[in-house]
Structures are given as C-alpha cells and as structure tokens.
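I opened a new notebook page for this one. Here is what I looked up, in the order I got curious.

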Amino acid sequence: MFPPLPAFEDEIVDDIQKHVLAERALAVARHCTASRYPRAAFAYVAGSIMRGEGTTFSDIDLVVVFPSLERAWRESFTEDGFPVEAFVHDPQTLAHYLHQDADSGYPIMVNMVVTGSILGPDIDNARVVQAWAARMLAAGPKPLAGADYDLLRYQVTNLADDLRGTRPPEEIAAIAALLYQKLADLMLLGRGAWAGRGKWAPRLVRELDAQLAAEFDAAFSLAAAGDGAPFLALADRELALHGGRYFDGYRQEAPLEARRLE
C-alpha cells in the first residue's frame, strides 16, 4: 500500500485531472460540432472546464458560427456525459449579441469568444472575430450614465432602505439576496470595470479590489444570517460615491405602446 501523497502532489494530481477533463471536453465539443452542426464555419469552445477551473458538473459553452442563418438560437443538450450550452449564430447575429453584451456591461458572449478554443474549417475568420471581441473586452464597459445609471442607483437605494429598521432575519436575508447583484453592479460598473451575474459577481469584485471584496463577502454573510447592518452600511458607503441615496425625483416612463385596448 502506497503512503498518502503530500499536499503539493495532491494539487498536481488535481491539475492533471483538470487538464484531462479539459481535453475530454474539447474532444466532445469537436465531435458534437461536427455531428450537430456540420455546415458551421467555425466554433468557440469555452467555459470553466476549458479554463482548467471546472468540475465534473461544469458545462461546455459552445458558440457555433454558420456563414448565414435565418435567425440565431441557443439550445442545451448532453453529449457524452457533458452538459452543453450551444449558442448558434452567423456573423451578423453574433455581432449583434456581442454589442448587446458590451452595452449591458455583462460581457458574457464576448468572454466566450475571447477565451474560446477555435474549432472548424474557417480558422482565419474565427481569429478575426476573436481579435475584435478581445478589443471590445479590453476597452471596458461604456461609462455608467443616463437612465441605466439612475435606475441602478434607485434600485440600490430602494433595497438598502428595506434593510433599515427592525425586520425578521429571514426578511433581511431575502432583501440582501436581491441587493447583492445590484450592489455588485454599482461597485464594478461605477469603477469602470465589467460586471458579471451569479458566480461571476464575487469573482470580478475580487479581481477589482481584494479588500472591497472581503468587506462585501463578510457583510453579505452577516446579512444572510439575519444581521443587515454591515451590508446596509456598505451600500450607503457605495451610494455616497455616486451622490448618495437616489429616491426623490426618480422617474421612469413607460413606452408609448404599453397599453391594451379591449
């Protein structure tokens, strides 16, 4: 019987396993691209597995590009045990969603294209699109201003105000869960950094400012346990960087077509 591996060797084994997982995922992506999308010009294989950060439960992100399509679509399926999220485009629909990502401040599709491994016959055009997306990512999000800025400040203010006063712990936790994403957006976009949803929010805050991320995590953990005071203080401090609470004077107009005649 062999003795247990030292800690550093465990890490090496873990890295090897992640590498093997990434190689398997790439092979699966290559197979399903050829079988499901045989006329595609190229594809990008992305996701945490391909970055060496995945687990056996992680999915494969697949951006498939045809020369021309009537419309884009996305679909989910399982291939050889891997869950696959496929985003199927032609160059024009892909450009539309890349720009939409950039405008929203959440570069989800942009990141897939930039970090993806290229498959398919038209590698040259795939690299051109990838380089274009990389320039878009490097340029950063558009400045936080106008109606989107007002709405975000209002949302953070409104949720933060819900934490004021005495509430049951379960209500504090529920409010904090809603406030988390909005406050992360204000922290990131307000400092000129890209935002991210879900698991990406804490990662991006950590990349931006490790000290701020530690305060954010600690305050949210306390709020989730029923103590909302530190999370409220953090929200108030963040709002102060943007002119303070924003409630009085906020106005949002409905679109002209928002009516139903019966």
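This is a predicted model: local features need pLDDT of at least 70, side-chain atom pairs count only at pLDDT 80 or more; totals for chains, interfaces and linings use all residues.

**Entry 1: Leu 163.** I started in the loop between helix 5 and helix 6, where Leu 163 lies. Is Leu 163 buried or exposed? Its relative accessible area is 6%, and buried means under 20%, so Leu 163 counts as buried.

Next I looked up what Leu 163 touches. Skipping residues up to four places away in sequence, I got Ile 172, Ile 175, Leu 179, Gly 228, Phe 231 and Leu 232. I also checked Leu 163 against Asp 80: they sit 83 residues apart in sequence, and their C-alpha atoms are 47 Å apart in space.

**Entry 2: helix 9.** Two of the names from my contact list, Phe 231 and Leu 232, turned up again here, among the buried residues of helix 9. Helix 9 covers residues 229-240, which is 12 residues. From first C-alpha to last it reaches 16 Å, close to the 16 Å expected at 1.5 Å a residue.

Which residues of helix 9 are buried? I wrote down Phe 231, Leu 232, Leu 234, Ala 235, Glu 238 and Leu 239. They cover an arc of only 160° around the axis, so they are on the same side of helix 9.

**Entry 3: Gln 130.** I then moved to helix 4 (residues 123-139), where Gln 130 has its place. Gln 130 has 17% relative accessibility, and the cut-off for buried is under 20%, so Gln 130 counts as buried too.

Where does the side chain of Gln 130 reach? It gets to the backbone oxygen of Gly 116, at 3.0 Å. Leaving aside neighbours within four places in sequence, Gln 130 is in contact with Tyr 44, Val 113, Val 114, Gly 116 and Ile 118.

**Entry 4: the whole chain.** Last, I zoomed out. The protein chain has nine helices and five strands. From the N terminus on, I read the order as α-β-β-β-β-α-α-β-α-α-α-α-α-α. The C-alpha trace spans about 70 × 60 × 40 Å along its principal axes.

Of the 262 residues, 39% count as buried. For contacts with a separation of 6 or more, 62% come from residues 24 or more positions apart. The accessible surface comes to about 15,200 Å², and 55% of that belongs to carbon and sulfur atoms.

Technical notes. Residues are numbered from 1 along each chain as its sequence is written. Side-chain values use heavy atoms; hydrogens and water are left out. Helices (H or I, at least four residues) and strands (E, at least two) are DSSP runs, numbered from the N terminus. Buried means under 20% relative accessible area, exposed over 50%, partly exposed in between (1.4 Å probe, protein chains only). A polar contact is a pair of N or O atoms within 3.5 Å; within protein, one must be able to donate a hydrogen and the other to accept it, and residues adjacent in sequence count only if both atoms are side-chain atoms. Contact means heavy atoms within 4.5 Å. The expected span of a helix is 1.5 Å times one less than its number of residues. The arc is that of the directions from the helix axis to the C-beta atoms. Accessible areas come from the Shrake-Rupley method with a 1.4 Å probe; for residues, only the protein chains shown count as cover.
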